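Subject: Handing over the structure

Hi,

Here is the structure I promised to pass on to you. Have a look at it first, and then read on for a tour of what turned up in it.

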Amino acid sequence: MPVLTEGDLDIVGRIGVASNLTLVCEIAAPEPDGAPLRVVYKPVRGERPLWDFPDGTLAGREVASYLISEHLGWGVIPETVLRDGPLGPGMVQRWVTSVDNRTDARQRLDLVDLCTPGTVPEGFCEVLRALDEQGNEVSLIHADDPRLQRMAVLDLLLNNADRKGGHALEGVDGQVYGVDHGICLHTEPKLRTVLWGWAGRPVHESLIPDITAFAANLPGAVADSLATHITDAEITALTERAKALLDDPVMPIPNSSRPIPWPAF
């Protein structure tokens, strides 16, 4: 998408709830009568330091995660590039227009949502029960949707440490997208996710050929494309995760003290 990589970024807003500086921008369409392309821009200089990830690497991890999704052929992550912008180099990603499930004409649950315990609707998985801000017991649930399970499998490969409910978007185009992949691809186990509803269940058989082909190119063409964004050790760890998943294609069971990111949304 040449517009994403070459067009000038015009800042139109900021996402205030994001941990790192996250700006909403528009890129003018190349055609005079075309609509501008809306994007998310996360400059490297706006990244908050983390104790367990090297400074200034989150934008590159977002791009590497996108490339992995593309090498798998899954299209889970919107088009993402590393480029210069008004505040210097950063990650630029195509904006996803998501379905609004809370309109008067459309009252249904989001892909990841909360409900009253004991009322988990058909087609959803219960992850856990907890207390909300008012002290009421609630169930954290997510859709038992193959599009979402594909995202959960991608998270295993990415070693995603921050899959929150708001990072899973149902686009108006019918696709399910994942965003915010800066805290991924560490060499040590870091998986934290709200998508534990398939724990202990087999990875869907339709995903296995894609993972097999992906692993066959590690090292190889896949590794070459990732080398400018993550380290050799991180590529090796990715290779090991892919092979381990093929050896035992079962969704893992939480085995850490913090298996879910906080806040969950």
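A word on terms before the tour: two strands count as paired if DSSP finds at least two bridges between them. Please also keep in mind that this is a predicted model.

**The five-stranded sheet**

With that in hand, in which order do the strands of the open sheet of 5 strands lie? The order is β1-β2-β3-β5-β4, and the pairing is antiparallel. At the edges stand β1 (9-14) and β4 (80-83); each has a single partner strand, so one side of each is left without a neighbour in the sheet. On average, neighbouring strands here are turned by 35° against each other, direction ignored.

Ile27 is a handy place to start, as its opposite residue in β3 is Leu37. The sheet also has a helix packed on it: α2 touches β3, β4 and β5 (90-94), and the direction of α2 makes about 145° with that of β4.

**The three-stranded sheet**

There is also an open sheet of 3 strands, again with antiparallel pairing, in the order β8-β10-β9. Its edge strands are β8 (112-115) and β9, each of which pairs on one side only. Neighbouring strands in this sheet are turned against each other by 30° on average, direction ignored.

Strand β9 (residues 124-131) pairs with strand β10 (residues 137-143) in the antiparallel sense, over 7 bridges. You can find Glu126 standing opposite Ile141 in β10. The two strands form a hairpin with 5 residues between them, and in the turn Gly135 has a positive phi of about 85°. The pairing of β8 with β10 is antiparallel too, over 4 bridges, and there Cys115 stands opposite Ser139 in β10.

**How the helices pack**

Back to α2, which has a helix partner as well. Helix α2 (residues 58-72) packs against helix α3 (residues 146-158) at an angle of about 125°, and their axes are 11 Å apart. The two helices are therefore oblique to each other, and the crossing of α2 past α3 is right-handed. On the α2 side, Ser65, Ile68, Ser69 and Leu72 take part, and they meet Leu154, Leu157 and Leu158 in α3. Sorted by class, this contact has 5 nonpolar, 2 polar and no charged residues.

What else does α3 pack with? Its axis and that of helix α6 (residues 232-247) come within 8 Å and cross at roughly 130°, which makes α3 oblique to α6. Here Val153, Leu156, Leu157 and Leu158 in α3 meet Leu238, Arg241, Ala242 and Leu245 in α6. By class, the contact has 7 nonpolar, no polar and 1 charged residues.

**Some details of the backbone**

Where is the peptide bond that is cis? It runs from Leu218 to Pro219, with omega near -5°, and Pro219 is found in the loop between α4 (208-216) and α5 (221-226).

Asn159 has a phi near 55° and is found in the loop between α3 and β11 (168-170). Leu185 has a phi near 70°, and its place is in the loop between β12 (176-178) and α4. Are they buried or exposed? Buried means under 20% relative accessible area. Asn159 has 5%, so it is buried, and Leu185, at 0%, is buried too.

**One last stop: Tyr177**

Tyr177 sits in strand β12 and counts as buried, at 6% relative accessibility. Which residues does Tyr177 touch, leaving out those up to four places away in sequence? They are Gly75, Val76, Pro78, Arg94, Val96, Met151, His167, Ala168, Leu169 and Gly171. For a sense of distance, Tyr177 and Asp84 are 93 residues apart in sequence and 24 Å apart in space, C-alpha to C-alpha.

Note on methods. Residues are numbered from 1 along each chain as its sequence is written. This is a predicted model: local features need pLDDT of at least 70, side-chain atom pairs count only at pLDDT 80 or more; totals for chains, interfaces and linings use all residues. Side-chain values use heavy atoms; hydrogens and water are left out. Axes are lines fitted to C-alpha atoms, for helices over the stretch in contact, and angles run from 0 to 180 degrees between N-to-C directions. Angles under 35 degrees count as roughly parallel, over 145 as roughly antiparallel, 65 to 115 as roughly perpendicular and the rest as oblique. A crossing is left-handed if the near helix is turned anticlockwise from the far one by less than a right angle, and right-handed if clockwise. Contact means heavy atoms within 4.5 Å. Ala, Val, Leu, Ile, Met, Phe, Trp, Tyr, Cys and Pro count as nonpolar, Asp, Glu, Lys and Arg as charged, and the others, Gly among them, as polar. Buried means under 20% relative accessible area, exposed over 50%, partly exposed in between (1.4 Å probe, protein chains only).
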